[in-house]
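Here are a few notes to read alongside the structure as you get to know it. Take them in order, and keep the model open while you do.

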Amino acid sequence: MPLHDPWDDGALQEVRRTLRQEKLEVGRWRRLLRARLDLLVGAYAPPEILGTTGWEHLPPSRLDLPLAGELAAAIWTGTEPEDRVALMRRLRDLDRSLAAYAAALDGALDDTTDELLTRMGAGAVDALAQGLAEAAGDIVRAPDVR
């Protein structure tokens, strides 16, 4: 063991803070780059209009969705300068609306999956009971000799 440890606890904590901060910044840059890539791809292949497919299967919160024009206007801003704070607020409001709709879709998916599994399970139980009944008819039972 060295007589002098250049990595005392305080220095290690500082190094750790620096590394964590740098990792956060790398993550932020990566998110920004991926967002920019999404925008470029979206310019050539825009997303579908929400709430228009399978209308009868979608949760009622589809009625609260922002209009497609609102979403497009928020993303494809023109060259005119816009109040950045107002734009951030508008984007956050739209994101909250979409997050609420996504949560409703998750709930509808979970309910549908639960119902499907319940029906599948009931069918399996019925098939097993029928198979056991058929097998029991083929088996000759020995008399109880207690």
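Predicted model: local features only at pLDDT ≥ 70, side-chain atom pairs only at ≥ 80, totals over all residues.

1. Let us begin with a term. A salt bridge here is a side-chain nitrogen of Lys or Arg lying within 4 Å of a carboxyl oxygen of Asp or Glu.

2. Now for the overall fold. The chain has three helices and zero strands, and along the sequence the pattern reads α-α-α. Helix 1 covers 9-44, helix 2 covers 68-75 and helix 3 covers 84-138. Of the 146 residues in the chain, 8% are buried.

3. Where do Glu 115 and Arg 119 sit relative to each other in helix 3? They are four residues apart in that helix, so about one helical turn separates them. Glu 115 is partly exposed, at 38% relative accessibility, while Arg 119 is exposed, at 59%. As a general point, side chains of opposite charge can pair when their charged atoms come close.

4. How many salt bridges are there in total? The count comes to two. Besides the pair described above, Arg 96 and Asp 93 join their side chains in a salt bridge, again with an N to O distance of 2.6 Å. These two residues also belong to helix 3, and because they are three residues apart there, about one helical turn lies between them. Arg 96 is exposed, with a relative accessible area of 51%; since exposed means over 50%, Arg 96 falls on the exposed side of that cut-off. Asp 93, at 45%, is partly exposed.

5. Next, the aromatic rings. A search of the whole structure turns up zero aromatic pairs.

6. Which kinds of residue make up the lining? It divides into 21 nonpolar, three polar and eight charged residues.

7. Which helix gives the largest share of that lining? Helix 1 does, with eight residues. Helix 1, helix 2 and helix 3 each supply at least two lining residues.

8. Leu 63 lies in the loop between helix 1 and helix 2. Is Leu 63 buried or exposed? Leu 63 is exposed, with a relative accessible area of 59%. Although Leu 63 and Tyr 101 are 38 residues apart in sequence, their C-alpha atoms are 9.5 Å apart in space.

9. The other loop residue is Trp 76, found between helix 2 and helix 3. With a relative accessible area of 42%, Trp 76 is partly exposed. Trp 76 and Ala 43 are 33 residues apart in sequence, and the distance from C-alpha to C-alpha is 8.7 Å.

Methods:
Residues numbered from 1 in each chain as written. Heavy atoms only, no water. Nonpolar A, V, L, I, M, F, W, Y, C, P; charged D, E, K, R; others polar. Phe/Tyr/Trp six-rings, centres within 6.5 Å; stacked < 30°, edge-to-face > 60°. Buried < 20%, exposed > 50% of the residue type's maximum accessible area, 1.4 Å probe, protein only.
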